[in-house]
Each structure stands twice: as structure tokens, then as C-alpha cells.
Amino acid sequence: MIGYKKKDESKLHLLTEASLKEIDVWINKYPADKKQSAVMSALRIAQDQNRGFLTEDLMDAVAEYLDMRPIAVYEVATFYSMYELEPVGKHKIYVCTNISCMLCGSDTVVGHLSKKLGINLGETTVDGRFTLKEVECLGACVNAPVMQIGDTYHENLTEEKIDQVIDALD
Amino acid sequence: MANIEINGKPLQVADGAMVIEAADNAGITIPRFCYHKKLSVAANCRMCLVEVDKVAKPVPACATPVTDGMKIFTKSPMALDAQKSVMEFLLINHPLDCPICDQGGECDLQDIAVGFGQGISRYHEAKRVVADKNIGPLIATEMTRCIHCTRCVRFGQEVAGIMELGATGRGENTRIGTYVERTVASEMSGNVIDLCPVGALTSKPYRYTGRPWENNQSKSIAAHDCVGSNIEIETRRNKVMRFLPDDNEAINEIWLSDRDRFSYLGLKHVDRLQSPMIKQGDEWKETDWQTALNYAFEGLKTVIKKEGVENIGALVSPSATVEEMYLAQKLMRAIGSNNIDHRLRQADFSDQDIAPQFPALGQSLTDLENNNAILLVGSWIRKDQPIIAHRIRQATRKGAKVMSVNAVDFDFNFPIEEKVITSPAQMVDSLAAITKALLTLTGKPAAEGLDDLLSNVKVSDAHSEIAKKLHGAEKATVILGTQAMLQPQLADLRALANVIAELSGAVMSTLSDGANAAGAWLTGVVPHRTCGGEAIVEKCGKNASEMFVSGMNAFVLLDVEPEFDTANPSVAMKAVNDADFVISMTPYVTEEMKAYADVLLPVSPSSETSGTFVNAEGTWQSFAGAVTPLAETRPAWKVLRVLGNIFEVDGFDYITSEDVREEAKQQAGTLNTSNKMQWRCPSSLAKSTDAVNRIGLLPIYAVDGVVRRSEALQQTDDAIPACVIINADLAKQNNIQDEDNIVVAQNDVKLTLRVHIEDSIPNNCAVIPQGVQGVEGFDAAYSEITLSTKS
């Protein structure tokens with residue numbers, strides 16, 4: 001009510017040793033007083049260690065490690081589509097629907113995936129295997145339409161190619 | 001200096017200035033939403049796009065520094081086209097609800113849309129809708145109207161110290177908020193209402209009550225702390241509608257604390273006294289002024305005849321105007337009594353004879369920002385004087401180190417480098433320890449008696465760090481805060497704080513409660529000094545505490561509610577109830593007043609009278625009444641003038657309040673802003689006892705009758721209720737749980753209060769606020785108490 005509130009319990013322990021080490025690699029790429037430059041990498045690393053999505057506590061841990069205000073980290077995490085703030089499926093399917101992909105048939109890609117997986121954009125299959133998500137330009141316009149699954153780009157998509165790719169996943 | 005040209009007009013501008021600053025200084029208007037001269041540059045609204053010669057695309061004027069030879073066009077086809085296009089984008093999602101929007105008429109978006117918007121919208125798709133946020137009783141939100149200028153976010157981070165606000169999401173999904181549900185509480189929060197260029201953040205109490213073009217503005221001075229913030233009182237048909245800040249770079253810049261902004265709600269409280277009243281037998285009767293004043297005169301005359309003039313006393317609110325104060329003391333002294341005081345909450349008067357001319361900041365408010373080290377002693381400056389805290393916060397942003405010696409580990413909105421949190425009594429020991437560390441550090445000789453006093457004092461690391469930081473700073477200040485001024489150890493704290501300031505070469509500042517304690521000291525509203533500061537040796541009057549303790553046969557009260565406004569309400573209430581005759585000049589009437597008073601005279605709050613406040617810098621600021629007084633209410637200076645006439649005292653033939661002020665100012669003499677005092681060694685240091693000590697904190701929204709009656713302020717989290725706050729150790733010792741109701745006993749008075757457990761309270765101490773509803777009639781603000789779980 002009147003008193004100085006001690007900072008909430010440290011949440012640093014939520015980041016694994018390996019994650020911290022990896023974040024350090026990124027911190028070292030920037031000037032010593034510009035630690036916050038590593039925030040995007042740090043969030044990606046934190047997300048990878050947590051089955052592909054970020055929690056509020058993990059974002060707080062990143063903020064603490066990089067000496068940032070928590071809201072500044074939330075701002076970054078909510079801005080970029082590659083950060084997930086809700087639990088996601090084992091395979092994240094990012095479909096680009098920006099102009100080049102749209103002209104080359106991303107609507108068909110989305111329609112086929114929806115039908116095949118039985119989910120709409122932004123949803124996860126009941127078995128927790130797939131999450132389907134619409135993203136902005138993936139920078140591969142030259143081979144549109146494009147989707148990204150995990151770290152792999154799949155380009156020049158057709159319905160057959162999509163079936164092949166999805167069926168090959170575990 | 002850079003030579004530039006804007007719209008063909010040659011200008012000389014400081015290097016590094018932004019184009020928009022150069023244009024503003026030259027009186028050339030560039031439309032803008034996100035840019036604000038008091039905040040950092042965000043350049044995210046793009047409304048200020050202008051054309052620059054030899055630059056292919058339009059550039060934002062707020063984020064483009066001038067360079068020599070730059071040619072800028074703010075009204076060229078390219079610039080106008082860009083501005084109009086930005087306007088069209090901004091209006092895409094903005095609702096067309098101006099007719100029901102409170103910002104209408106004072107809306108940047110509305111104004112600029114008239115100049116740059118199109119009559120017809122080309123947008124036919126769905127508009128976005130954003131859920132509103134509940135950010136308390138002061139600010140209404142309508143987030144669908146938000147255009148994401150982020151002024152509120154930057155204000156939070158850069159000025160108020162609200163670090164939780166941000167802009168999350170992206171593009172159309174951007175939201176201003178906290179992301180995680182968090183309370184955003186600040187004593188300066190109302191400023192986002194002024195900053196918001198649209199109707200997303202508006203004043204909740206003012207909502208749907210009026211349009212700005214219907215209001216008249218009059219300049220005035222805020223009446224709730226010793227800063228003297230400049231305000232504009234907006235009125236309509238002789239009613240106060242709202243308070244807004246008035247620009248004054250030397251004092252409040254463009255800001256206003258929530259207390260000063262929303263206190264106006266208390267002005268229209270149902271408690272307002274409408275006409276003079278007199279008590280005949282046990283019946284209260286409304287009457288006219290002549291009858292009431294004659295009744296008052298006769299009553300006082302009878303007491304003087306029977307008991308002698310030394311048995312009447314006058315108590316004046318520390319927030320009364322200079323004119324009221326001057327006339328009150330002139331009248332009292334003319335009829336032969338020096339029993340007059342404004343230090344109603346003060347508990348220690350032992351150093352009053354050597355006290356400085358007035359409690360002064362000792363420097364200008366702008367200078368405060370240039371300090372490198374500041375020591376706060378007994379001050380919750382963030383709540384006591386929010387505008388001064390803002391200046392200190394700006395100093396910390398430039399690297400100043402702030403340290404604190406306090407009885408509560410207060411929540412501040414700037415970092416505290418070193419702190420010592422002890423019981424109120426042991427704060428003296430802490431200052432002694434800092435003094436000892438400074439003596440060692442400087443090698444300077446100790447003042448008389450100091451060596452003996454310090455012989456057994458232990459210097460901790462925190463003490464010596466504070467000493468080091470103060471001593472090492474180029475410019476330092478020791479602030480004796482409002483909470484310290486009310487402690488019973490005032491004289492010792494003040495003496496040692498002075499020594500610390502002297503040894504470290506720091507400026508000594510004292511910050512009083514009330515809006516005009518400075519004016520009170522200068523005009524002689526103290527029992528031992530005249531207007532002008534001359535000591536009264538013979539027939540020295542009684543101070544506030546003495547008047548209450550010994551009791552008086554008659555009291556004259558000016559805007560005083562003894563149950564809230566005094567250091568020891570139970571003693572004060574007994575004194576006024578036991579007195580034969582009590583005149584209360586007051587804007588409000590309460591049941592308590594009707595019990596103890598004999599005459600009630602309705603006098604104006606500061607919005608209804610002309611007057612003057614002297615702030616902590618020593619600046620005299622006069623104002624005119626914004627509205628005519630309510631019903632039969634009259635300005636107190638006029639009431640006192642007429643009383644003077646009835647008493648047939650010479651020199652009460654003033655025509656205007658300016659006459660009174662000029663006389664007071666002339667008599668008050670030259671201002672001395674130094675707080676330097678003659679050295680008087682504290683007799684001893686605190687003895688440790690096992691007793692539980694009350695800390696009678698004065699909360700931000702308990703300071704005076706107007707603030708206490710502002711409903712919106714009382715609903716905020718800062719309005720600390722009657723409760724007892726202790727730490728976990730003390731709770732455990734007494735077997736008390738959080739939220740328990742326990743019985744607190746102080747001398748003979750017992751109260752049942754809700755417990756809050758906080759780690760910020762030192763051992764064996766209990767914060768029980770003073771001045772709040774529910775502890776009226778309780779005993780001394782600082783004294784021993786007992787806690788028990790049984791009634």
C-alpha cells in the first residue's frame with residue numbers, strides 16, 4: 001500500500017543452462033551496453049526450449065537477463081508472428097498470404113491445408129501435431145506460394161506437394 | 001547555429017534542433033500527434049511529414065535534425081499530400097463518435113482533421129474495436145479512439161515513472177496497455193488526459209458534464225501543497241467545472257498532480273456551509289452576516305472580559321491565503337493576544353525560536369534538477385509534493401543519487417541508492433551516524449556538544465555511503481520532508497540535517513505541509529514572531545499544541561477541522577468541546593462542528609476568493625476568485641476585515657485584497673531562503689524500548705478538507721484508509737494475521753482497525769495514518785501504542 005515492493009521473485013531459473021549460454025553468444029555480438037539488442041534471439045531460444053511457445057514467466061526471465069522492462073519484451077514478442085504466446089502443435093505450419101503468394105495461389109494452399117488438417121488458420125489439431133498460421137512475407141516471393149514448417153521452407157506449393165510434405169512428417 | 005529556411009523564411013537555429021522545434025519557435029505550425037515538447041521523439045504518427053529540398057521523400061519534422069542550408073517546405077504540394085494521406089490513414093479506424101466524445105472541442109485529431117482531412121471517407125471495410133481498460137476512478141478510457149501516438153506510454157516512462165505501459169501487438173492489432181493485468185497507479189496520472197491527442201483517455205469525473213467552448217478560464221494557484229502549481233479553473237455559469245494545469249516552466253512546467261487536478265470535486269460537496277449560523281441554547285439557527293458577526297464579537301468580548309484576552313486563541317489552516325493569515329494575526333495582536341498558530345499538525349516546537357524565516361526549499365525548483373545527490377529525511381516526496389518528486393526524478397535521469405532516511409521504506413518513482421529505515425525516534429540516531437561519518441570524512445571540527453552526542457553512535461555502511469555520496473557531489477541537497485516536520489523529533493532532526501548539509505556543502509531544504517506555511521511564517525501566524533519575523537519575547541503566545549493541551553476559553557478557527565487537521569485529534573477535540581466560545585470560519589459544516597462551535601461563518605475556499613500563496617521557493621503568487629462565493633459564503637479576508645471594524649481596531653479599512661497583500665508584503669520584509677539555523681545540540685539520542693510506536697503518516701489525500709471531500713481521489717489506491725500497517729515480525733509476535741481486525745489502544749483511546757502486513761515498516765512500528773476518516777479522535781500521530789487481538 002505504501003511501501004517499496006521488492007521485485008518479484010527472480011524467474012531466471014526458468015531459462016536452461018544451454019539457453020543462457022546460447023543467449024550469451026548473441027549478447028556478445030553487440031556492444032556491452034546494448035544487451036537488449038539480443039532480445040529477439042533470446043526470445044527465440046526461450047521459445048525453443050519450451051515446446052515452441054513463450055509464457056509470461058519466460059518473457060519476464062528474458063527481460064531480467066537482458067535488463068529490460070518486461071513490457072518492452074512483451075512488445076517485441078507480440079509484434080512478431082514467429083513468437084507464439086499460446087501452446088502450439090508439434091509442427092508449426094506458417095503459410096505466407098502476402099501479395100506475391102496470394103497472386104500465385106496461397107488461398108488454395110490455405111484451403112487445402114485447412115481441409116486436410118481439419119483446422120482453420122490460427123488453430124491446432126486435436127492431437128496436438130499441427131498448428132496452422134498465416135504469416136506475412138517470408139521473403140521467398142520468387143518461388144511463391146510458400147510455407148514454412150519448423151525451420152524449413154517449402155516453395156512452389158501445389159496440393160500434391162503439400163500432401164507429400166505433410167504425410168512425411170511424424 | 002545552423003542557417004535554414006522554412007517556407008522561404010530564413011531562420012537561425014541551434015545545431016541539432018529538430019525541424020519541428022525550429023518551426024514551433026518561428027510560429028510556423030506543423031500538424032502533429034505523437035510529438036510533444038516534454039517527451040522523447042517517437043516519430044510514429046507521421047503527421048508532421050514535410051518536404052526538404054534535395055530529399056526525395058517527405059521526412060518527419062519531429063525526427064529530422066536541422067542542417068546548415070536546409071530548405072524546408074511545410075505547405076508544398078508534396079508536404080500537404082503526405083499530411084493528408086497520413087490523416088486519411090489515421091481516420092480509418094477512428095470512430096466517428098465526436099458528438100458523444102468528451103474530447104470534442106479540445107481534440108487534436110478533430111482540429112487537424114478540419115485542416116487536413118477529407119470530407120468523404122474512402123474506407124468501407126469494418127473498423128476495429130478495442131476493449132476498454134479500467135485504469136481507476138480518475139481516467140476514463142475509450143481505447144477504440146486510440147491512434148497509438150504513445151504519448152501516454154512515454155509520459156509513464158519518462159515523467160511519472162509508470163514502467164508498465166506499452167504498445168503490444170502489431171499493425172491493426174496494436175494495443176496500448178499493460179499486456180499483463182497490472183494496476184497503473186500514479187499521483188501524476190491525470191496528465192495523460194491532457195497529453196492524449198484524442199478522446200481515448202479523458203477525465204472520468206468530468207465526463208459528459210460540459211464542452212470546453214462553454215467554459216471560462218481563470219488563472220489560479222493550486223492549494224494543496226507548498227509547490228504552488230499554476231492552474232486554470234474552468235467555470236460555467238458560476239460553477240467550477242474542472243481544474244487544468246497552466247504552463248509555468250519555473251514551477252509545474254505543464255504538469256499537475258492528481259491531488260491538485262481533482263480536488264475541485266470537493267468544492268461542491270454537500271457539506272458546504274450555505275449561510276452563517278449561530279447556536280442558541282442547543283439549537284442551530286441560520287442567520288444573516290451582521291447578526292452572526294455581532295454574535296461572534298459579543299461572545300469573544302464576554303470571554304475577554306471574564307477570562308482575559310490571553311485565554312483566546314486563533315488557529316489558521318496552513319493552506320489559508322496570505323491575506324487571511326495577515327489579517328487574522330493583525331486582529332489577534334490588535335486585541336492583545338499572540339495566541340495564533342498555523343502549525344496544527346506539528347508536534348515539536350522546541351526549536352521555534354531559532355527556526356528559519358520560513359520553511360524553504362532553499363533553491364529554485366528548476367535548480368533542484370541539477371543536483372547530483374539528494375538526501376530525503378522523513379519524506380514520501382512522491383506523495384507529499386508530487387511536482388517536486390518529478391523534479392528529483394528528472395535529476396536522477398541525469399545521474400543524481402537519491403538517498404533516504406525514513407520511518408517507512410516508501411515506494412518512490414526513482415531509484416534510491418542508499419536507505420536507512422528505522423523507527424521515527426531512531427531517525428535521529430541515523431542522522432547522527434551520518435554526521436559522524438561526515439566529520440571523519442571532512443576532518444572538520446565538531447560543533448559544540450556534538451562529540452559527546454556522537455561518542456556511542458555506530459556508523460553502518462549505509463550511513464557512510466550516504467555521507468560519501470553527499471560529500472562527493474558537486475551539488476547536493478538535504479530535504480527535511482513533510483513527514484519529518486510532523487514528527488515529535490523535529491528539532492533534533494532539523495538540527496542534525498542542518499549539520500549534515502553544512503558539512504557536505506549541501507543546500508538545506510524544508511518542505512512543510514499545507515499550501516502556504518511559508519506565507520504563515522512570513523505574516524506572523526506563529527505565536528512567537530510578528531509579521532516581518534521580529535521575535536516576541538514578552539507575552540509570547542501559545543503554540544497550537546499548547547493551546548489544545550492547556551485548553552482555551554475561546555477559539556477562533558479558520559478552515560480547521562480539529563478531528564482531522566491536528567497532531568493530536570483527541571486532545572484538540574477535547575479543547576474545542578470544552579471551550580466556552582468557538583468561532584469556526586469554514587467552507588464546510590460537520591456534526592462535530594455543530595457540537596463544539598457557537599458561530600459558523602461560511603468562508604470561501606481558494607476558488608472563490610482572491611488571495612496569495614507563497615510557495616516553498618518563497619515565490620508570492622496571487623490569484624483572483626474564479627467564481628462568486630457559494631450562497632452566503634464570503635471570502636475570509638473580508639470577514640476578518642469586518643471583524644476588525646467591529647472590534648474598532650485601526651487599519652482595517654482595506655478595499656481590495658491587493659491592499660492587504662501589499663501591506664503584508666511590505667511588513668514581511670526581505671525574503672531569506674536559507675534554512676541555516678543556530679546550532680543547538682540534541683540532548684540525547686533515542687533509547688530503545690520494546691513499545692510499539694505509531695507512525696502517523698500523513699497520506700496524500702488526507703491533507704485538507706477539500707481533498708478529503710473529493711470522492712474520486714478518495715476512491716484511488718493512494719487514499720490510504722484507516723488501518724494499521726505492520727511488518728510480518730510484529731504480526732507474528734502478536735499473533736496477528738493479515739486483514740485481521742485488531743484493537744489499537746493509545747493512552748485511553750481505543751480503536752478497531754484492519755491490519756495490513758507490509759515489509760516496508762521497521763520493527764516495533766505501526767503505521768496508522770493521520771487525517772483520514774476513521775482515526776479522527778485518535779491520539780498523537782507519533783506515540784506509543786498497544787496492539788491486541790482481543791477487544
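Mentor: Contact here means heavy atoms within 4.5 Å. Keep in mind that this is a predicted model.

Trainee: Okay. How many residues does the contact take from chain B and from chain A?

Mentor: Chain B gives 31 residues and chain A gives 20 residues.

Trainee: How much area do the two chains bury between them?

Mentor: About 1,900 Å². Carbon and sulfur atoms carry 60% of that.

Trainee: Which residues in chain B lose the most area to chain A?

Mentor: R170(B), Y179(B) and E758(B). Together they make up 29% of what the chain B side buries.

Trainee: And which strands of chain B each supply at least two residues to that side?

Mentor: β7 (166–168) and β28 (723–726). β7(B) gives the most, with three residues.

Trainee: What is the count of salt bridges between the chains?

Mentor: Zero between chain B and chain A.

Trainee: Then how many residue pairs are in polar contact across the interface?

Mentor: Four, with both residues at pLDDT 80 or more.

Trainee: Is C96(A) buried or exposed?

Mentor: C96(A) is buried, at 3% relative accessible area.

Trainee: What about C141(A), where is the nearest cysteine sulfur?

Mentor: In C137(A), 3.7 Å away. C141(A) is in no disulfide. C141(A) counts as partly exposed, with 37% relative accessibility.

Trainee: New topic, R151(B). Where is that?

Mentor: In helix α4 of chain B, residues 151–160. R151(B) is buried, because its relative accessible area is 6% and buried means under 20%.

Trainee: What does the side chain of R151(B) reach?

Mentor: The backbone oxygen of Y35(B), at 3.0 Å. Beyond neighbours within four places in sequence, R151(B) also touches other residues, including R32(B), F33(B), D108(B), L195(B) and P197(B).

Trainee: And E608(B), where does that sit?

Mentor: In the loop between β24 (599–602) and β25 (611–614) of chain B. E608(B) counts as buried, at 8% relative accessibility.

Trainee: Which side chain does E608(B) join in a polar contact?

Mentor: That of R272(B), at 2.9 Å. A polar atom of the E608(B) side chain also lies 3.2 Å from the backbone nitrogen of L630(B).

Trainee: What else is E608(B) in contact with, leaving aside neighbours within four places in sequence?

Mentor: Among them are G625(B), V627(B), T628(B), P629(B), T633(B) and P635(B).

Trainee: Last one, M78(B). Which helix is that in?

Mentor: Helix α2 of chain B, residues 77–92. M78(B) is partly exposed, with a relative accessible area of 27%.

Trainee: How far apart are M78(B) and P58(B)?

Mentor: They are 20 residues apart in sequence. In space they are 7.1 Å apart, C-alpha to C-alpha.

Trainee: And which residues is M78(B) in contact with, leaving aside neighbours within four places in sequence?

Mentor: E51(B), V55(B), A56(B), K57(B) and P58(B).

Technical notes
Residues are numbered from 1 along each chain as its sequence is written. Chains are lettered from A and ligands numbered from 1 in the order in which they are written. This is a predicted model: local features need pLDDT of at least 70, side-chain atom pairs count only at pLDDT 80 or more; totals for chains, interfaces and linings use all residues. Side-chain values use heavy atoms; hydrogens and water are left out. Buried area is the accessible area (1.4 Å probe) that two parts lose on being put together, summed over both. A salt bridge is a side-chain nitrogen of Lys or Arg within 4 Å of a carboxyl oxygen of Asp or Glu. A polar contact is a pair of N or O atoms within 3.5 Å; within protein, one must be able to donate a hydrogen and the other to accept it, and residues adjacent in sequence count only if both atoms are side-chain atoms. Helices (H or I, at least four residues) and strands (E, at least two) are DSSP runs, numbered from the N terminus. Buried means under 20% relative accessible area, exposed over 50%, partly exposed in between (1.4 Å probe, protein chains only). A disulfide is a pair of cysteine sulfur atoms within 2.5 Å.
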